[in-house]
Amino acid sequence: MNSFTLADCSTVEAALSQLKDGAIVKAGGVDLLDRMKNGTDTPTRLVNIRNISTLRGIHSTPQGLTIGALTTLAEVADDPTIRTQYTLLADACGHAATPHIRNMATLGGNLLQQLQCWYYRSAEFQCLRKGKELCFAFSGLNQYHAIMDYGGCPSVAPSSGAVALLALDASVELTSAAKGKRIVTIRDFYLQPDANPHRFHVMAADELLTAIHIPKPAPGTRSAYQKYGEKESHDWAIADAGILLEMDSNLCRRAVVAMGAASPVVRRSHEAEAALTGKPITHETARAAGQASMTGAMPLSMNAYKVQLFPVAIYRTILLAAGQMDRDPSAAG
Amino acid sequence: MSDHQPSQKELPEAPSTAPTPAGISRRGFLKGAGITAAGTALLEGVQGFSREAVASTPKGVKEFGPEPFPVTLHINGKEHALQIEPRTTLADALRIQLNMTGTKVSCDRGVCSSCTVLLDRMPVNSCMTLAIDAVGHHVTTIEGISTDEQMHPLQAAFVRHDAMQCGFCTPGMVMSCVSLLEKNPHPTEADVRYAVSGNLCRCGTYPKVFAATLDAASQLARKA
């Protein structure tokens, strides 16, 4: 790691005053230290927000839930309210990375982690997302890359927390010294690579992600998240499914099918959702939704397997959410 | 703030490997090389940064580095005064500066967890934790769970069950399982699997780790 100064901040106001001259914010530090050790990021100044106690904690509100950005993935995964009422968020945070990392990594940091493409993460490759013209993945090694909606960059959305929060219609709270607070939905937070290859989200350099707001799920909501990987632990998903079902007795009033490892930005499959809406949840409707989720898939040279994996992930996770199937033992732990 | 400096007795070191013809042990040589590299980096740091900005630090902001600065780390029940840079990881502070080489570094990216220590009794990767972030918290390392005379019951169980092959992942495995038994004195095998799901063992000795941990749990339960 290169040498740097560290501004240790005890309040949000203090941290906001430090967001200038290329300083990079550090919370849990897991993703940032990885990038700095790889040599892809070489900041001369870090703003340490890890010790801002007001940014930690999970609070129930009349509208739903507010989670401080510094709340760790382990704290989210273990929270009794989240486990029972926002189940897919507990599932997603409880299966990210390793138990050790979940004790360190924050929910805000999980949402803001950078692409996990091995070309992007290597200091040896100067790719489209780093301001150059060439993507190496299209003609190179792309077995973990996107199968749809990729435009000029097929690196997949790395945050499993974002998959769950998209399904829950959650928003992030962005705070700046100049403009105060603004609320942006997860749907609008991330930018498609073609919109501007060098920007990943709408947060400005003088803004801090301070909280995550989640509306209270409608009565009769059931949800689940599962990810599939090459390893049982450690790894990012090669396929994942965040499912939310609003049930009227045995009929599905509204369905959300969210995916992360299919595309550069977390997405919902409206085709899969249509296959469930107004119908009972059965093996047949769940299978149909899984198949429908691959509408428009255009796999790359090495990842056609994902077109078979995603429908299975979605089918099994729909049944898990509906209480008709146990957690898949072959899903990543 | 105590100014306690650990003596060699309190930080026992494993016997060094065979000395080179020049009488320099492998470990001693590597440590010397590390200090030289750190010294060079420090000089670069001093040249690369201006200190003018420090004068006007606003309220609620404490500025550190890039030069080394003094801190006190609370490790295994003792206070250790040392000099760190902002970029010093907790793993490097322990191993290079405090000579506590029981904590291992393998991947240096938070993937393998051989560097596991407990921060306020919670297992974390010391390679991905800045030492400055450990200030004000309690750090427990593999050196802190036993005494010179007596192994931790979990370590004894690892020996009984031969729960190691090359041994490099073992300190991290033990720390993950110590933390598990503190939180859950009666774990199932699934609980142990979950607790060590961040600990990578290339030798594949997981079944014996599970057996040793379950055995230690039942031994501790009998004592309690």
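User: What share of the 333 residues of chain A counts as buried?

Analyst: Of the 333 residues of chain A, 59% count as buried; buried means under 20% relative accessible area, exposed over 50%, and partly exposed in between, with a 1.4 Å probe and protein chains only. This is a predicted model, in which local features need pLDDT of at least 70 and side-chain atom pairs count only at pLDDT 80 or more, while totals for chains, interfaces and linings use all residues. Residues are numbered from 1 along each chain as its sequence is written, chains are lettered from A and ligands numbered from 1 in the order in which they are written, and side-chain values use heavy atoms, with hydrogens and water left out.

User: How many helices and strands does chain A have?

Analyst: Chain A has twelve helices and twelve strands. Helices (H or I, at least four residues) and strands (E, at least two) are DSSP runs, numbered from the N terminus.

User: How is the packing of two helices described?

Analyst: Two packed helices are described by the angle between their axes and the distance between the axes. Axes are lines fitted to C-alpha atoms, for helices over the stretch in contact, and angles run from 0 to 180 degrees between N-to-C directions. In chain A, helix α5 (residues 87–94) packs against helix α8 (residues 160–167) at about 175 degrees, with axes 8 Å apart. This makes α5(A) roughly antiparallel to α8(A), a term for angles over 145 degrees.

User: Which residues of α5(A) and α8(A) make the contact?

Analyst: Contact means heavy atoms within 4.5 Å. From α5(A) come Leu88(A), Leu89(A) and Ala92(A), and from α8(A) come Ser160(A), Gly161(A), Ala164(A), Leu165(A) and Ala167(A). By class, this contact has six nonpolar, two polar and no charged residues; Ala, Val, Leu, Ile, Met, Phe, Trp, Tyr, Cys and Pro count as nonpolar, Asp, Glu, Lys and Arg as charged, and the others, Gly among them, as polar.

Conventions. Parallel < 35°, antiparallel > 145°, perpendicular 65-115°, else oblique.
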